[in-house]
Amino acid sequence: MQEVSDHGERPWRADSRCATGESHAIQSEKRRAEMVATIDFKNPTMVIVGHWNSAILNEPGWIAKHLLDVPDGQQVDLQAIVVGNQVGPSHVAPEKQIWLFDQYGICCSGQRLEMYTRDLDNLEPLYLATSKISQKLPHTPVRAIGINFNVKINGDFAAITALLETNESFDLLGTIRSTERTDSIEIGNENLIEIDGFGRVQTTLNLTRKSDFAQVEINFNYHSPVQGIEFLDGFVGKDPIAHWRSRAMTILSDCYDLTEVASEYF
């Protein structure tokens with residue numbers, strides 16, 4: 001006789017079959033095919049927290065000369081867009097201006113310097129711009145760096161929302177319109193970025209899962225406290241976006257059965 005669990009369900013077996021006669025492996029393949037996952041790179045990929053001179057970093061002439069190496073007197077067209085307002089389930093963001101170039105974008109709002117990738121296969125221009133900023137503004141206090149991935153999931157994501165359920169009952173209060181959970185996870189030493197002269201960069205993953213039941217978002221924030229802007233050169237030299245994207249993809253695959261994730265850019 002097969003053992004029954006405390007929840008009245010039979011334990012899972014690798015060769016077990018559902019009511020339709022299909023194995024759980026086949027069901028998993030179908031569910032995976034019916035889920036569509038996209039990393040939304042219209043959100044900042046790298047955020048450097050400090051006390052930035054936003055007047056300089058939003059001045060077209062400074063950007064052209066120091067980031068794009070445009071000679072004095074030569075004109076260049078810079079593209080700027082304004083984003084904000086509704087950006088996700090139950091989340092509203094203030095408007096901000098982003099300067100867009102071929103491979104990356106930049107936005108500065110005082111305490112945050114945001115870098116946007118526009119080409120995951122060519123991150124060098126983004127890293128070079130970050131390095132130039134650190135060299136041109138060497139006295140800027142910097143206290144933290146975050147590498148972020150905002151994953152949006154549509155389709156058959158019922159298995160994911162089920163993972164967010166708790167034993168709490170809110171039936172008497174009304175209808176739940178959205179749900180959200182965040183866990184902060186200290187990354188083990190074997191997965192940390194190591195920089196000459198600084199050692200391993202201690203990093204915490206703030207992993208947020210939220211849904212309004214029309215869409216699921218899984219947000220990865222790899223947060224590293226740092227001391228000093230001189231840290232940036234060595235940091236971008238380690239290709240941190242690719243490093244942490246690889247770890248994020250492992251989590252998506254192992255925890256949520258997502259093996260194919262598209263990319264969306266400005």
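Which residues in α3 are buried? They are Trp-62, Ile-63, Ala-64, His-66 and Leu-67. The model is predicted. Its chain has 266 residues, of which 41% count as buried, and its secondary structure comes to seven helices and 13 strands. Among contacts in the chain with a separation of 6 or more, 67% are between residues 24 or more positions apart.

**Helix α3 and its ends**

- Helix α3 covers residues 60–67.
- At the start of α3, the backbone nitrogen of Gly-61 has a side-chain oxygen of Glu-59 within 3.1 Å.
- After α3 comes Asp-69, which has a positive phi, near 60°.

**Packing of α3 with α4**

- Two packed helices are described by the angle between their axes and by the distance between those axes.
- For α3 and α4 (residues 124–136), the angle is about 105° and the axes are 10 Å apart.
- Angles of 65 to 115 degrees count as roughly perpendicular, and α3 is therefore roughly perpendicular to α4.
- On the α3 side, the contact is made by Trp-62, His-66 and Leu-67; on the α4 side, it is made by Ala-129, Lys-132, Ile-133 and Lys-136.
- By type, the residues of this contact are four nonpolar, one polar and two charged.
- Trp-62, His-66 and Leu-67, which meet α4, are also among the buried residues of α3.

**Aromatic pairs**

- The structure holds seven aromatic pairs.
- One of them joins Phe-41 and Tyr-265, whose rings are stacked, with 5.3 Å from centre to centre and 10° between the planes.
- Phe-41 is in the loop between β1 (35–40) and β2 (46–50), while Tyr-265 is in the segment after β13 (261–264), so this pair ties together parts that are 224 residues apart in sequence.
- The two partners have these accessibilities: Phe-41 counts as buried at 1% relative accessibility, whereas Tyr-265 is partly exposed, with a relative accessible area of 27%.
- Ring pairs also link Phe-198, Phe-231 and Phe-235 into a cluster.

**Val-201**

- Val-201 sits in the loop between β10 (199–200) and β11.
- With a relative accessible area of 5%, Val-201 is buried because buried means under 20%.
- Leaving aside residues up to four places away in sequence, Val-201 touches Leu-192, Ile-193, Ile-195, Ser-224 and Phe-231.
- Phe-231, one of the residues touched by Val-201, also belongs to the phenylalanine cluster.
- Val-201 and Pro-225 are 24 residues apart in sequence, and their C-alpha atoms are 8.2 Å apart in space.

**Thr-208**

- Thr-208 is part of strand β11 (residues 204–211).
- The relative accessible area of Thr-208 is 13%, and this residue is buried.
- The side chains of Thr-208 and Thr-182 are joined by a polar contact of 2.8 Å.
- Apart from residues up to four places away in sequence, Thr-208 touches Glu-180, Arg-181 and Thr-182, and also Glu-217, Ile-218 and Asn-219.

Key: Residues numbered from 1 in each chain as written. Predicted model: local features only at pLDDT ≥ 70, side-chain atom pairs only at ≥ 80, totals over all residues. Heavy atoms only, no water. Axes fitted to C-alpha atoms, helices over the stretch in contact; angles between N-to-C directions. Helix = DSSP H or I, 4+ residues; strand = E, 2+ residues; numbered from the N terminus. Parallel < 35°, antiparallel > 145°, perpendicular 65-115°, else oblique. Contact = heavy atoms within 4.5 Å. Nonpolar A, V, L, I, M, F, W, Y, C, P; charged D, E, K, R; others polar. Phe/Tyr/Trp six-rings, centres within 6.5 Å; stacked < 30°, edge-to-face > 60°. Buried < 20%, exposed > 50% of the residue type's maximum accessible area, 1.4 Å probe, protein only. Polar contact = N/O pair within 3.5 Å; in protein donor to acceptor, adjacent residues only side chain to side chain.
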